[in-house]
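Please look over the model below with helix packing in mind. My notes follow it.

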Amino acid sequence: MDTIKKTKVFARGLCLAKLFICFLVGSLLGSLLEEILYFFQHGEWTIRHDLIYGPFSSLYGFGFVILLLFLGFKNKDRGVFKTFLYCALLGGFFEYITSLFLEVWLNIKFWDYSKMFLNINGRTTILFMIAWGIIGVIIMKIIYPFLSDVIEKFPYKIAQPIYIVSLILMFINISVSYSAFVRFIYRGQGYNPKTFIGRYYDEVYNDDFMYKKFPILKEI
């Protein structure tokens, strides 16, 4: 009994480590989902991630984390219908707010659903919200419980240092990728860099690099 009590469990409960791993999983699955959907729509494979290093679509990762923060603590006690409803509302709200933020801050539109049926200001649609609800149920009732159990079985002494290093690297990846994207937008709008950092981004992450890395930018 004493040995069991002293054994450390990695990422017990809904902690930062577990949220981070779920973020990684969500980012990977989101990138794959985007590429599959694009293939069925256009008949060709293309890169659909949003980070420079690695096949990650961070918006999906953040979406996964938001679901867990809002719905994770009483997930087992919540019925499927309520889970569907909450996920649909959260997914639609997240998509709407992200679109609005990008348009107000950077004056760009990554997506415009204004010509689609039952759209809400062109930023999301009722049909997409239903899809988010279905995906949310799958995540909260199937993927997350399974993933949580698997994560907590990771050996603590091995998983903990790997988690810390991965967290630092992903923070750098997100910071660099988002900064490069913002600089790309500002460069296209005619704003010259004001610091050596901006000049560095203009040289290393120039337009040719960004278009090759993120083909979606050609659609903006």
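This is a predicted model: local features need pLDDT of at least 70, side-chain atom pairs count only at pLDDT 80 or more; totals for chains, interfaces and linings use all residues.

1. Residues are numbered from 1 along each chain as its sequence is written, and side-chain values use heavy atoms, leaving out hydrogens and water.

2. Start with α4 (residues 80-106) and α5 (residues 126-152). Their axes come within 7 Å and cross at roughly 125 degrees. The two helices are therefore oblique to each other (angles under 35 degrees count as roughly parallel, over 145 as roughly antiparallel, 65 to 115 as roughly perpendicular and the rest as oblique). The crossing of α4 and α5 is right-handed.

3. Which residues of α4 and α5 make the contact? On α4 they include V80, F84, C87 and G91. On α5 they include F128, W132, G136 and K141. Contact means heavy atoms within 4.5 Å. The residues of this contact divide into 12 nonpolar, 5 polar and 2 charged.

4. Now α2 (residues 16-42), which packs with α5 at an angle of about 125 degrees. Here the axes are 11 Å apart. α2 and α5 are therefore oblique to each other, and their crossing is right-handed.

5. In this second pair, K18, I21, C22 and V25 of α2 meet Y144, L147, S148, I151 and E152 of α5. The contact of α2 with α5 has 6 nonpolar residues, 1 polar and 2 charged.

Note on methods:
Axes are lines fitted to C-alpha atoms, for helices over the stretch in contact, and angles run from 0 to 180 degrees between N-to-C directions. Helices (H or I, at least four residues) and strands (E, at least two) are DSSP runs, numbered from the N terminus. A crossing is left-handed if the near helix is turned anticlockwise from the far one by less than a right angle, and right-handed if clockwise. Ala, Val, Leu, Ile, Met, Phe, Trp, Tyr, Cys and Pro count as nonpolar, Asp, Glu, Lys and Arg as charged, and the others, Gly among them, as polar.
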